[in-house]
Amino acid sequence: MTRRAEIPEPVPAASNPPSPVRRRLLYAGVAGAAALGGGGLAWWRLQPQAPDSGAQQALWAMEFEQPGGAVVALKSFAGRPLLLNFWATWCPPCVAELPMLDAFYRAHSAQGWQVLGLAVDQPPAVRKFLQHRPLAFPVGLAGAGGVDLGRSLGNLTGGLPFTVVLGGDGRVRHRRMGPLSARDLQLWSSLR
């Protein structure tokens, strides 16, 4: 007598679907993971990237005309910490942080801190702006070339404001894309 192989019958799917609460928690978990991944990617892409080491060296050889006609040479800032701020008159966050930068310069210049504003703007607009809102620290007219300089120092998006902190050794210590906070300046003030 031959026996026939028995084929097992398929097991029916669970007739009890997940509860609505459990389903919502599952969806929330998946959505949260997607949001964290997307947010992390966006944060990484918007962060200033490492500057080109050649750009750091080339920076110290640059000179910029000042609104009054004199020339400011970066090599004159060598050997002491420098806060280099890229700004424009048409950029509201840039204009909003200038008084804070001016106060930082006034408070910390005796300790060796220097501030240089590089205006990525039209010279007549900068001159007119500074007539109404003078600054204690020097301003260089970088024009459109300031965008390229900023990119070489780590500002891949070309956005403003952009700030670079250079130590007394001439190397980039910090970069900040977007508006500064008083906390940023407080943390940076201890650098040399």
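Q: How much of the protein chain is buried, and what makes a residue count as buried?
A: In this predicted model, buried residues make up 38% of the 192 residues in the protein chain. A residue counts as buried when its relative accessible area is under 20%.

Q: What makes the pair Cys91 and Cys94 a disulfide?
A: The cut-off is a pair of cysteine sulfur atoms within 2.5 Å. From S to S, Cys91 and Cys94 are 2.3 Å apart. That is within the cut-off, so the pair counts as a disulfide. A search of the whole structure finds one disulfide.

Q: Why is the disulfide of Cys91 and Cys94 called right-handed?
A: The torsion about its S-S bond is about 75°, so the disulfide is right-handed.

Q: How do you know whether Cys91 and Cys94 are buried or exposed?
A: Buried means under 20% relative accessible area, exposed over 50%. Cys91 has 4%, so Cys91 is buried. Cys94 has 0%, so Cys94 is buried as well.

Q: What else is buried in helix 3, and what do its buried residues pack against?
A: Cys94 belongs to the buried set of helix 3, along with Val95, Glu97, Leu98, Leu101, Asp102 and Phe104. These residues pack against strand 3, strand 4, helix 4, strand 6 (162-166) and helix 6 (182-188).

Q: How does the reach of helix 3 compare with the span expected at 1.5 Å a residue?
A: Helix 3 has 17 residues.

Q: Where does helix 3 bend, and which proline follows?
A: The bend is at Leu98 and is about 30°. Pro99 follows within four residues.

Q: How do you know that the buried residues of helix 4 share a side?
A: Helix 4 spans residues 123-132, and its buried residues are Val126, Phe129 and Leu130. They cover an arc of only 95° around the axis, which puts them on the same side of helix 4. In general, an α-helix has 3.6 residues a turn, so residues three or four places apart point the same way.

Q: What covers that buried side, and which exposed residues does the face turned away from it carry?
A: The cover includes strand 3 (82-87), helix 3 (92-108), strand 4 (114-119) and strand 5 (139-141). The face turned away carries the exposed residues Pro124, Lys128, Gln131 and His132.

Methods:
Residues are numbered from 1 along each chain as its sequence is written. This is a predicted model: local features need pLDDT of at least 70, side-chain atom pairs count only at pLDDT 80 or more; totals for chains, interfaces and linings use all residues. Side-chain values use heavy atoms; hydrogens and water are left out. Buried means under 20% relative accessible area, exposed over 50%, partly exposed in between (1.4 Å probe, protein chains only). Helices (H or I, at least four residues) and strands (E, at least two) are DSSP runs, numbered from the N terminus. The arc is that of the directions from the helix axis to the C-beta atoms. Contact means heavy atoms within 4.5 Å. The expected span of a helix is 1.5 Å times one less than its number of residues. The bend at a residue is the angle between axes fitted to the seven residues ending there and the seven starting there.
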